Amino acid sequence: MQWETVIGLEIHAQLSTQSKIFSGSATTFGAEPNTQASLVDLAMPGTLPVLNQEAVRMAVKFGLAIEAEIGRTNVFARKNYFYPDLPKGYQTSQMDHPVVGKGHLDISLEDGTIKRVGITRAHLEEDAGKSLHEDFHGMSGIDLNRAGTPLLEIVSEPDMRSAKEAVAYVKAIHALVRYLGICDGNMAEGSLRCDCNVSVRPKGQEAFGTRAEIKNVNSFRFIEKAINHEIQRQIDLIEDGGKVVQETRLYDPSKDETRSMRGKEEANDYRYFPCPDLLPVRLEEDFLDAVRQSLPELPTQKRDRFQSQFGLSVYDASVLSASREMAEYFEQVQQACGDAKLAANWVMGELSSLLNKDGLEIEQSLVSAEQLGGLILRIKDNTISGKIAKTVFEALAAGKGATADEVIEKEGLKQVTDSGAIESMLDEVLAANAAQVEQYRASDEAKRAKMFGFFVGQAMKASKGKANPGQVNELLKQKLEG
Amino acid sequence: MSMHNLTLSDIARALAEKTFSAEELTRSLLGRIQQLDPQLNSFITVTEAQALAQAKAADARRAAGETGALLGAPIAHKDLFCTQGVRTSCASKMLDNFIAPYNATVVEKLAAVGCVSLGKLNMDEFAMGSANESSHYGPVKNPWDLTRVPGGSSGGSAAAIAARLIPAATGSDTGGSIRQPAALTNLTGLKPTYGRVSRWGMIAYASSLDQGGPLARTAEDCALLLGSMAGFDPKDSTSVDQPVDDYLASLNQPLSGLRVGLPKEYFGAGLDSRIGAAILAVVEELKKLGATVKDISLPNLQHAIPAYYVIAPAEASSNLSRFDGVRYGHRCDSPVNLEDLYKRSRAEGFGAEVKRRIMVGTYALSAGYYDAYYIKAQKIRRLIKNDFVSAFNEVDVILGPTTPNPAWKLGEKSSDPVAAYLEDIYTITANLAGIPGLSMPAGFVDGLPVGVQLLAPYFQEGRLLNVAHQYQQVTDWHTQAPSGF
């Protein structure tokens, strides 16, 4: 049977506010346990929450960016359950009246098509603390530094049909929150976490299958692997005559499998009700206008502009607009050299391989946008060949010069375009390979074509790559035919 | 007159005139507490050393030229206001070992104007009760009859003031917990408008209903205390950013033209007819002072108790979740696992009434019942509020009994919670609507005090205090003291 996968995602983005959502404590990552926990975070008796306006502003920014309905009156609710790292015994979240309502996000798929993914809602809530089970000899430690950190939970429609689409969506959300400056997107530190709801159904069937939720997957690679694993598990189960049960599962990257965490019957009754300590949040038109004004150019707008302004392909434009840093880098290179296509090729080619090799982000690049732009200028004006340019690029990466010009000068890589110099160099090459010249001249057209490359290679080698390849070709042809 | 019979305003004059010092007064009252409180059990903690230090500091401030009316005034706090470095128990075994690491805003504000706190007052456990019988530290006795309850939940506050151990105290009122004990012990007590007094540091029972306020022997003393307790607090999102009225200045307004509303529902079945008669006598007195009287209706009164006993327990069930044995408070011995830690710590730490309300509230919020209970109760709450809004189009204050019965015998209703809940019938509507309410002495039935309740529109605490003060100028119920104290 042919199966279709249905995936919906819940993404928790940690908002990059200075202080917590309901207290004045700092939100810095990695501080000593419980040094960022105030009376409120410890849920001392008698303490009360006060909403951080910046968290609301960031949530609204996101809502406007996905063209969502904004909850003009949004309400915080308590989600009640017991856990040692949940100090109040409830999580303050939003239920019936979230700050962000229905919206959507366009994502680019690998085949170059654009897919619109529906976003059901996004709501504000507080994070819990952390339970630490090591180093306490049969006891558990509680670190409440993270308790009260603002989260935006972004809930998608079940619109994704493959693990790859799901990853593309998460990447698009990741890019968007970083564009908006509302989340640092650091998945390793848990700033962006993902719960995946996965189900399968026979192709053509309209009703959804029973879904399983995979909790807290924290990298793009694991999201893809966890979903693919889960799809296969469900298909195998059904084809063996079994039934998928609604449950929460955990992905174990070391074993590449998901396993059951708790079933539906063990699910908590969270007893949501409006938090009486917090009044409904009313958003005035002025406030929304001010947030709207502060929106930067968004990834999709940038992608469209890269196509129309620079004539880039959808694919190139998508890759280059995928992150705010990537887009900024590309535009700086483009400005420095005035050639968008060359700039795109270099950023997506040499630069990306260099970054991948060293595992660096573009903002950590060893070659700056100005350096790369300067390098491309020298290709354009024939100072160096494309091949030498790679040498110059590597030298820049290795810190062997501040600019491409300096490297070219210091290493003597300037392209030789003086015909006289090239001719005498060619004469030496041909003299050193007299036998091959004789053979060439005795050969037919097809054989000659093959041998020609050998002479070009020898000539470039003799010039240490600096001779202008076009001139070498032309003069060599004259001399051999001559 | 001996020091313990003085009101706050008498004390203010005496301290200003150097009749005695704050330290002398404090020592005298501490002695009285030591001597008499064993009969009453109104204090959970007496902070003698701290009180003397505060009194000396107040004397020093006065010597340096300060003149505040509450500078050196002795009070005590209901034991749900957090007091830094002092046990704050909520009268619960759960918090018997809890030393608060910070001060409630109310505590902070009263300390700032120079009030001397003599200690922490007994109450119903977590403010849940109308008789002060649910305290982990034992019941409080009514000074008017030691076999009877003082009312609750601010029963310790009421008994201590009625017995002249202190002139005034803080209390909190979620469904009548200031007004009802004031009525049962011959005091004046005021529940302010919701949001008028900060809830920061006041351990929550039902957050949307809880409000701190003063108890004292006179309206004037309540005005004095409220003036320093009230005010916007950025730490409490439900506190209202509005200037505090000059309550003392409003006391002396004449009552001519005052429109008093008598809701017919407050005089129906269930009301002790002798209390009804006492209330009507108050009305006659107010008429003499120039008030006009109008019969009104608050038709949704009958729904108030069911609505309250859904909303308050629902909020309480969530508010009390933090008492889990993990970070502070009672923890059971050698828990075998997390569930055992939770179950035994809470089973051991909470008393029966608290457990009952947590169960009721948990049930009311659970899936499948939420709409039928919680949402419906919120709708009733809106109807009750609307009743008041339309009534206040016609009258300036609403007047009626504070309680249907005078103080009952200790233990009489402890086996029948619903009978005890019904005692709140006249007071809980003010909490559901958020309006201010005041109870003041209105006479006696069989030697037991009767309270009359006044209700006013939002933020008109000044009006309530004005009416009460004017009434107290022409009557002397409020000056009566229980024999033996």
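## Ground rules

A residue is called buried here if 20 or more other C-beta atoms lie within 10 Å of its own, exposed if 12 or fewer, and partly exposed in between, with C-beta atoms placed from the backbone. By that rule Ser177(B) is buried, because 37 other C-beta atoms sit within 10 Å.

This is a predicted model, in which local features need pLDDT of at least 70 and side-chain atom pairs count only at pLDDT 80 or more, while totals for chains, interfaces and linings use all residues. Residues are numbered from 1 along each chain as its sequence is written, and chains are lettered from A and ligands numbered from 1 in the order in which they are written.

## Chain B as a whole

Chain B has 16 helices and 11 strands; helices (H or I, at least four residues) and strands (E, at least two) are DSSP runs, numbered from the N terminus. Its radius of gyration is 21 Å, close to the 23 Å that the globule rule gives for 485 residues, so chain B is as compact as a globular protein of that length. The radius is taken over C-alpha atoms, and the rule is 2.2 Å times the number of residues to the power 0.38. Along the principal axes, the C-alpha atoms fill a box of roughly 65 × 55 × 45 Å.

Of the 485 residues, 60% count as buried. Two residues are in contact if their C-beta atoms, placed from the backbone, lie within 7 Å. Among contacts in chain B with a separation of 6 or more, 76% join residues 24 or more positions apart.

UniProt (unreviewed entry) puts "domain: Amidase" at residues 24–465 of chain B. That span is 38% helix and 14% strand, and its end C-alpha atoms lie 30 Å apart. UniProt positions are given in the numbering used here, feature names are shortened, and annotations may be inferred rather than shown by experiment.

## The annotated site

Lys78(B) belongs to strand β2 (residues 74–78) and is buried, with 30 other C-beta atoms within 10 Å. Setting aside residues up to four places away in sequence, its contacts include Met123(B), Ser154(B), Gly171(B) and Ser172(B). Ser177(B) sits in the loop between β4 (168–173) and α6 (179–184). Beyond four places in sequence, Ser177(B) touches Ala127(B), Gly152(B), Ser153(B), Ser154(B), Gly171(B) and Ser172(B).

Gly176(B) is in the loop between β4 and α6 too, and is buried with 32 C-beta neighbours inside 10 Å. Outside its four-place neighbourhood, Gly176(B) meets Asp424(B), Thr427(B) and Ile428(B).

## A helix pair

Helices α7 (residues 219–229) and α16 (residues 461–474) of chain B have axes that come within 8 Å and cross at roughly 150°. That makes α7(B) roughly antiparallel to α16(B), a label for angles over 145 degrees. Axes are lines fitted to C-alpha atoms, for helices over the stretch in contact, and angles run from 0 to 180 degrees between N-to-C directions.

On the α7(B) side the contact residues are Ala219(B), Glu220(B), Cys222(B), Ala223(B) and Leu226(B), facing Glu461(B), Leu465(B), Ala468(B), His469(B) and Gln472(B) in α16(B). They split into 6 nonpolar, 2 polar and 2 charged. Ala, Val, Leu, Ile, Met, Phe, Trp, Tyr, Cys and Pro count as nonpolar, Asp, Glu, Lys and Arg as charged, and the others, Gly among them, as polar.

Methods: Parallel < 35°, antiparallel > 145°, perpendicular 65-115°, else oblique.
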